[in-house]
Amino acid sequence: MPEPVFSYVPGDSFLHKLDPRTKLAAVMLLGILTFRTESFFGVGMLFAFFFALTSFSGLPARVFFRAVRPMLLFIIFIFLAQLFFIEGRVLASFWILQPSIEGLQNGLRLSARFILLLLFAALMTASTDPSAITCGIERILRPLPLRWLGINSFELATMMNLSIAFLPLLFERVERTKAAQASRGMYFGRNPFHSVPALVIPLIRGVVRDAEELALAMESRGYQGTCRTSMHELLMQKRDWVSLFALVSFAALILRF
């Protein structure tokens, strides 16, 4: 069975040793930077920065290919929509379609942004244990007055962690459902009006059933979202502050162009 997307890959690299709060802050900053960058030079610098981080992590390339592959059709759709429906200088003429140079530039820029977001997210989840992500989110949210909204940082962190943990399971369930429907004679490329409900309805039922079983298992083990303790307390090291300083300096450099 292939490994699920956005799954943790154990290792002993520099990125693996960073505090999860450092990596969460880095992903948020890089996400903002990805959508703030307008020039292709800035986008190229972000790709170069990602490849530099990947070399530090020692993670195999298939981890990132698995993260991008499920979204390829969506990214291609976004690119084509920008290419053919953005008005501007005509690049070529195909029957009634007239792609523009501005559409090509917007399509490339927007596609690159989505790919960068997926790659940085995959880099964080592959180099950070899910329980460490939960602890990091909880420590970041702890100072906020969330109890006024009827929740606390423990519950919110657990919810986010479960969402991350459920993502690879969702892709795995999609593949299982497609295989099960194909074994019953369903051909997904013939009639999308029949094949899409045949895939989506059992998929939603399966996801809801998984969520109910998980909630029942947590309650039966006495889970409560308040006053939780941790076996490993997080502590920012010198390498975390140096990494954050380097990242902020890189962001300032990118925003200048």
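**Entry 1: a residue in its surroundings**

I looked up Thr125 and found that this residue is buried, because its relative accessible area is 7%, and buried means under 20%. I note that the model is predicted. I then checked which element holds Thr125, and its place is in helix 6.

Next I asked which residues Thr125 is in contact with, once its neighbours within four places in sequence are left aside. I wrote down Phe6, Ser7, Tyr8 and Ile164. For a polar atom of the side chain of Thr125, I found the backbone oxygen of Ala122 at 3.2 Å. I also looked up Pro20, which is 105 residues from Thr125 in sequence, while the two C-alpha atoms are 9.9 Å apart in space.

**Entry 2: two helices**

I reminded myself that two packed helices are described by the angle between their axes and the distance between the axes.

Which residues make the contact? On helix 4 I listed Val63, Phe64, Ala67 and Val68, and on helix 6 I listed Ile115, Leu118, Leu119, Ala122, Leu123 and Ala126. Sorted by class, this contact of helix 4 with helix 6 has 10 nonpolar residues, with no polar and no charged ones.

Conventions
Residues are numbered from 1 along each chain as its sequence is written. This is a predicted model: local features need pLDDT of at least 70, side-chain atom pairs count only at pLDDT 80 or more; totals for chains, interfaces and linings use all residues. Side-chain values use heavy atoms; hydrogens and water are left out. Contact means heavy atoms within 4.5 Å. Helices (H or I, at least four residues) and strands (E, at least two) are DSSP runs, numbered from the N terminus. Ala, Val, Leu, Ile, Met, Phe, Trp, Tyr, Cys and Pro count as nonpolar, Asp, Glu, Lys and Arg as charged, and the others, Gly among them, as polar. Buried means under 20% relative accessible area, exposed over 50%, partly exposed in between (1.4 Å probe, protein chains only). A polar contact is a pair of N or O atoms within 3.5 Å; within protein, one must be able to donate a hydrogen and the other to accept it, and residues adjacent in sequence count only if both atoms are side-chain atoms.
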